[in-house]
Each structure stands twice: as structure tokens, then as C-alpha cells.
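Visitor: Please show me the model, and then take me through it by question and answer.

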Amino acid sequence: MSSVPLAAPDPTLSSFGRDPWWLIGGKVLAIFVFLVLTVLLSMWVERRVIGRMQLRVGPNRAGPFGLLQGLADGIKLALKEDIVPRGVDKVVFVLAPVISATPAFIAFSIIPFGPTVSIFGHQTPLQGTDLPVAVLLVLAMASIGAYGIVLAGWASMSPYSLLGGLRSAAQIISYEIAMGLSFVAVFLFAGTMSTTGIVNAQADRWFAVMLLPSFLIYVITMMGESNRIPFDLPEGEGELVGGFHTEYSSLKFAMFFLAEYINLATLSALCTTLFLGGWRAPAPISTVWPGANEGWWPVLWFLAKLWLFIFFFIWLRGSLPRVRYDQLMKLGWKILMPVSLGWIMLVATIRALRNEGHDMTQVAIWSAAAIGAVLLLSIVWDVMRQDKGGGETAADSGRGAVPQQAEGSFPVPPLDAPHYHGVRRGADVTAHKEVASGSH
């Protein structure tokens with residue numbers, strides 16, 4: 001008999017629910033500590049990276065290399081005066097940050113960090129828990145977290161906060177639908193909604209390669225879900241002061257800050273689990289090292305992929321400007337959702353034909369050609385429509401026409417704002433000169 005111990009099998013749904021109480025508590029505590037440390041490190045990395053991108057130094061005073069800057073900020077917020085404005089709904093005003101932060105912790109409980117390992121003699125998966133519909137739990141927690149932002153804006157009794165809360169509701173509805181649709185193709189290929197089963201289904205090939213459109217759609221939607229630049233319209237400091245958290249201070253504001261960075265880690269971890277093989281090592285490493293996906297080594301691969309996406313978030317924040325709200329809504333409703341629906345229909349058709357034993361080479365070629373033709377026609381049609389609208393606007397502006405508002409309609413700014421303001425400015429100057437010369 002061989003003395004080499006057999007590797008533990010990959011975890012499945014049946015692997016959960018057998019741990020003793022102290023091991024369950026240890027997993028919960030480990031997830032909590034991991035998220036708090038990830039938030040502190042993410043803040044430091046973000047400031048340092050953006051500082052280098054903008055030719056600045058970044059934090060370098062609190063601790064070595066400024067590593068304790070996030071902790072210093074947390075202590076500062078805790079010691080600040082907790083101001084509650086007059087006229088707010090105090091119960092909802094206090095509960096809103098809690099409703100926003102708590103689901104962010106819960107959603108991380110179904111993320112697998114690694115395979116089955118031995119902890120003090122107990123074989124257990126490196127995962128808090130798993131469910132037959134685990135991915136839907138993440139979507140549910142994201143929806144509940146949106147309530148915290150909406151209720152914070154409503155309870156503040158401030159127009160800036162209310163607008164920020166309404167923007168958040170519209171944005172999360174728009175992008176969570178497209179995000180959920182991007183998951184459907186993964187469910188069809190994996191045959192399960194369990195995160196453990198999805199990671200096991202990527203043992204040979206990552207879904208980011210097989211389902212590239214779904215991967216790209218999720219990457220865009222997770223930026224919209226995180227409420228960060230370029231999609232940070234619920235905060236919009238330029239026009240909403242601070243958005244939904246304008247009236248918050250001290251620990252209440254810190255909880256919104258905490259929820260934002262935990263959601264950043266959760267969205268990155270979910271993308272790693274669904275599309276990048278989860279805790280499995282990349283192909284060059286796993287092919288030359290048979291033990292790369294055994295023991296505690298997979299935790300390293302998972303963290304590397306997680307931080308790769310967090311860096312991607314930070315890079316976008318330092319590179320892209322904030323988009324307009326109409327552009328945000330157009331991208332979500334007119335582009336991401338139709339493309340997601342068409343892609344799901346194609347994936348479902350290919351899976352059904354493959355299950356019946358058909359050769360999928362010709363089907364894939366013709367499907368790719370059809371999708372390319374539809375996308376090309378839609379782009380040409382959109383460009384022609386914009387050119388037509390631009391020509392009419394230019395003709396109107398050439399005549400110096402000012403758009404007239406219908407009686408009782410919502411006021412909208414003129415389409416040719418610079419020219420309109422120039423005409424009005426010239427008219428005001430002329431009128432002022434006439435008044436000064438006594439012609440009136």
C-alpha cells in the first residue's frame with residue numbers, strides 16, 4: 001500500500017452542514033476579518049495607485065508606506081461628532097447605513113476560497129456555506145443593500161440626498177437585470193447555481209473563454225452595481241454635493257464607505273468564481289504542477305484573481321470621467337439587456353442542439369456571422385440616426401432659433417446651449433448699453 005495520502009475530493013453541496021459549531025464560527029470570523037482587512041488594504045492600494053497615475057505620492061505618513069492610513073481614517077470617523085439634522089426620520093436615518101452594510105457581509109459567505117482541507121483534523125471546504133441557488137443569494141443581498149441607499153436619501157429630507165437615492169434605485173435596477181442575465185449562460189453550462197458546482201464545472205476551461213460575451217457584460221454591470229466612477233451617479237459630487245449620504249457623518253458615513261469597498265471585493269470574488277475558475281490555478285501552473293489545486297495553495301490563486309479585479313476597478317476610477325445619467329441608462333437598457341437576451345437565446349440553442357448530438361461547428365460559425373451582422377446593422381442605424389438629428393440641430397442653430405417649450409411641459413435646456421447662451425449674452429449686453437445711453 002502507498003503511504004502517500006490521497007487528495008481530498010473537490011467539495012460538493014453534500015460537503016456542507018457537517019462542521020462542528022466551533023469550525024462554523026471560525027469560518028464566519030475569518031470571513032469577517034478578511035473583508036475588514038481587504039477594505040483597509042483596498043483603500044491604501046487605491047490611493048497609492050491613483051497617486052502614481054496622477055504623479056502624486058499618496059499616503060505615506062500613517063504607518064510604514066502609509067499602510068495604516070485606512071485605519072487612521074476609521075478612527076477619525078469614529079471620533080467625529082455624530083450630527084443628525086432636524087426634520088429627518090430618525091429611525092430610518094439610523095437604520096439605513098446598517099441595511100446597506102450588513103448584506104455586503106452576508107453575500108461573501110457563499111464564495112469558495114479553496115477546496116476541501118484539513119483544519120484540526122476535520123475535513124471541511126474553504127467556504128462559509130453553499131446553497132443550490134447560491135448565486136441568487138448574492139443578487140438578493142445586492143437588492144437589499146440598494147434599499148439602504150434609497151432609504152438614506154429619503155430619510156434625510158434633503159433634495160440632494162433624495163435625488164441620489166432615486167438615482168441609485170434606477171441604476172441598480174437597470175444593471176442588476178443585465179447582471180442576472182449574464183449569469184444565465186453560466187447556469188446553462190454548469191448545470192447548477194451552486195458556487196461550488198460552478199467552480200467544479202471549470203476544471204478544464206474557464207467560462208470567461210467559453211462565455212466571453214457574458215463575462216464582458218458582467219464586468220460592465222459590476223461597475224454599475226458598485227456605484228463607483230465612471231458610474232457613481234448616486235453620489236455625483238459635482239451636482240449632488242455628496243448624493244445619498246450628504247447628511248451623514250461619523251460612523252454612519254463610515255458604514256456606507258465600508259459597504260462600498262466590501263461590495264467591491266464581493267463583486268470581484270463573484271466574477272472570479274463564475275468566470276475565472278474560482279480557486280483553481282491558471283492553465284500554465286496547473287499543467288506543470290499537479291498539486292497546484294490541492295491543499296492551501298488555491299487560496300493564493302483566488303486572492304491573485306480577486307486583487308486583479310480590484311486593481312481593474314481602481315484603474316478605471318483613475319482613468320475614466322463620470323458619464324451622464326442618460327448615457328448610463330441608455331447603456332443599461334438599450335445595449336446590455338438586448339445583447340444579453342440575444343446571447344442567452346444563442347447559448348440555449350447551442351446547448352440543446354449539442355445535447356441532441358448535432359455538430360456544433362457550422363452552427364457556431366453561422367451564429368457568429370448572424371450576431372455580427374445584427375450588431376453591424378444596429379451600429380449603422382444608430383450612427384445614421386444621430387447624424388440626422390445633428391443636422392437638424394445644426395440647421396436650427398444656424399438660424400439662431402431657440403427651442404420653445406410647450407405649455408405645461410417639463411423644462412428642458414436648449415439643444416444648442418453654447419449658442420443660445422451666446423445669443424442671450426449678446427442681447428443682454430446690447431440692452432445694457434441701450435439703457436446706459438438713455439435710448440429707452
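Visitor: At what angle do the axes of helix α5 and α10 cross?
Guide: This is a predicted model, in which local features need pLDDT of at least 70 and side-chain atom pairs count only at pLDDT 80 or more, while totals for chains, interfaces and linings use all residues. Residues are numbered from 1 along each chain as its sequence is written, and side-chain values use heavy atoms, with hydrogens and water left out. Axes are lines fitted to C-alpha atoms, for helices over the stretch in contact, with angles from 0 to 180 degrees between N-to-C directions. The axes of α5 (residues 159–190) and α10 come within 11 Å, and they cross at roughly 25°.

Visitor: Are α5 and α10 roughly parallel or roughly antiparallel?
Guide: Angles under 35 degrees count as roughly parallel, over 145 as roughly antiparallel, 65 to 115 as roughly perpendicular and the rest as oblique. By their angle, α5 and α10 are therefore roughly parallel.

Visitor: How many residues of the contact of α5 with α10 are nonpolar?
Guide: Contact means heavy atoms within 4.5 Å. Met179, Ser182, Phe183 and Val186 of α5 meet Leu267, Leu270, Leu274 and Phe275 of α10. Ala, Val, Leu, Ile, Met, Phe, Trp, Tyr, Cys and Pro count as nonpolar, Asp, Glu, Lys and Arg as charged, and the others, Gly among them, as polar. The contact of α5 with α10 has no charged residues, 1 polar and 7 nonpolar.

Visitor: Is Lys252 buried or exposed?
Guide: Lys252 lies in α10 (residues 250–275). Leaving aside residues up to four places away in sequence, Lys252 touches Asp82, Val84, Phe93, Val94 and Pro97. Buried means under 20% relative accessible area, exposed over 50% and partly exposed in between (1.4 Å probe, protein chains only). With a relative accessibility of 12%, Lys252 is buried.

Visitor: How is α3 oriented to α4, roughly parallel or roughly antiparallel?
Guide: The axes of α3 (residues 90–107) and α4 (residues 134–155) come within 8 Å, crossing at roughly 160°. This makes the two helices roughly antiparallel.

Visitor: How many charged residues are in the contact of α3 with α4?
Guide: On the α3 side the contact includes Val92, Phe93 and Ala96, and on the α4 side it includes Val138, Met141 and Trp154. The residues of this contact divide into 16 nonpolar and 3 polar, with no charged.

Visitor: Where is Phe120, and is Phe120 buried or exposed?
Guide: Phe120 sits in the loop between β1 (114–119) and β2 (122–126). Phe120 has a positive phi of about 55° although it is not a glycine. At a relative accessible area of 74%, Phe120 is exposed.

Visitor: Which loop holds Met157?
Guide: Met157 is a residue other than glycine with a positive phi, near 55°. The place of Met157 is the loop between α4 and α5.

Visitor: Which element of the protein chain has the lowest mean pLDDT?
Guide: pLDDT is the predictor's confidence in each residue, from 0 to 100. The mean pLDDT of the chain is 78. Helix α1 (residues 21–53) has the highest mean, 90, and the lowest, 46, belongs to α15 (residues 417–437).

How values were computed
Helices (H or I, at least four residues) and strands (E, at least two) are DSSP runs, numbered from the N terminus.
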